[in-house]
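This report walks through one protein model.

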Amino acid sequence: MARIPLTPPSTLLNRVGAWYSRRTYGKVLDPGLAVGHNPRVLLTYVRQERGAAKWNRLDPGLKHLAVMAAAARVNCSWCMDFGHWEADNLGLPMDKISKVPRWRDHEDAFTELELLVLDYAEAMTETEPRVTDELAAALIERLGEAAFVELTAMVGLENYRYRVNSAFGLTSQGFSDVCEVPSQA
């Protein structure tokens, strides 16, 4: 159960946000409803998400694997649920996405570069990050510096999303009704 009411004031900003969310995602996103209690935070949140959506130096499939690995590492049910829906919309193979929470048990399902990205996302997500010089160097060599920066920023953004969603008590919103993506636990 959410720790903050998912009924923000009916301001013009919140009504426009709800309309956009329904049009884009088919429903109003709970994180937007929670943040909608503070218009300045909501505007910053929207700008941040819209800006990140325009980043294009990292392959979208790799970016999504990183986001899902970070979400799985911290067991963010809302993030995993929405991530499943996003993967489906991106046309990513759902059998591969379903293996992300336990990717180390299914390494044969991923390319060498995907395994590096998954390892990096997990390493960055640890409460005491365990990113090594060797891992960073391998990714920079394979991706280039600009894509590596984007990868790092995306994993950091997913960690921010998780912490906010967790603090608000947000859980799965039903985006992955077709197929449940298992948690890492």
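Which residues are buried in H9? Ala147, Phe148, Glu150, Leu151, Met154, Val155, Leu157, Glu158, Asn159, Arg161, Val164 and Asn165 are. Buried means under 20% relative accessible area, exposed means over 50%, and partly exposed lies in between (1.4 Å probe, protein chains only).

The model is predicted: local features need pLDDT of at least 70, side-chain atom pairs count only at pLDDT 80 or more, and totals for chains, interfaces and linings use all residues. Residues are numbered from 1 along each chain as its sequence is written, and side-chain values use heavy atoms, with hydrogens and water left out.

## Helix H9

Helix H9 covers residues 145-168. Helices (H or I, at least four residues) and strands (E, at least two) are DSSP runs, numbered from the N terminus. H9 has 24 residues and reaches 35 Å from its first C-alpha to its last. That is close to the expected 34 Å, the expected span being 1.5 Å times one less than the number of residues.

Several helices cover the buried residues of H9, among them H2 (30-35), H3 (39-53) and H4 (60-73). The cover also includes H5 (77-90), H7 (112-125) and H8 (133-143). Here contact means heavy atoms within 4.5 Å. Gly169 follows H9, with a positive phi near 75 degrees.

## Salt bridges

The structure holds ten salt bridges. Each is a side-chain nitrogen of Lys or Arg within 4 Å of a carboxyl oxygen of Asp or Glu.

| Pair | N to O distance |
|---|---|
| Glu114 and Lys96 | 2.9 Å |
| Asp119 and Arg130 | 3.4 Å |
| Glu158 and Arg161 | 2.8 Å |

Glu114 forms a salt bridge with Lys96. The pair links distant parts of the chain: Glu114 is in helix H7 and Lys96 in helix H6 (residues 94-97), 18 residues apart. Both Glu114 and Lys96 are buried.

Asp119 and Arg130 meet through their side chains in a salt bridge. Asp119 lies in helix H7 and Arg130 in the loop between H7 and H8, so the pair ties together parts that are eleven residues apart in sequence. Arg130 is partly exposed, at 34% relative accessible area.

The salt bridge of Glu158 and Arg161 sits within H9. The two residues are three apart, which means about one helical turn separates them. Glu158 counts as buried at 3% relative accessibility. Arg161 counts as buried at 16%. Elsewhere, salt bridges that share partners join Arg104, Asp119, Glu122 and Arg130 into one network.

## Annotated region

A UniProt record (unreviewed entry) places the feature "domain: Carboxymuconolactone decarboxylase-like" at residues 46-105. Such annotations may be inferred rather than shown by experiment, and positions follow the numbering used here, with feature names shortened. Over residues 46-105 the chain is 67% helix and 0% strand. The end C-alpha atoms are 36 Å apart.

## A positive phi and a surface patch

Most residues other than glycine have a negative phi. Asn75 has a positive phi of about 55 degrees although it is not a glycine. Asn75 is in the loop between H4 and H5. Asn75 is partly exposed, with a relative accessible area of 39%.

Leu12, Val16 and Trp19 make a nonpolar surface patch of about 340 Å². Patches are made of residues with over 30% relative accessible area and no salt bridge; nonpolar side chains (Val, Leu, Ile, Met, Phe, Trp, Tyr) are joined within 5 Å, like charges within 9 Å. Accessible areas come from the Shrake-Rupley method with a 1.4 Å probe; for residues, only the protein chains shown count as cover. Leu12 is in helix H1 (residues 12-25). Leu12 is exposed, at 60% relative accessible area.
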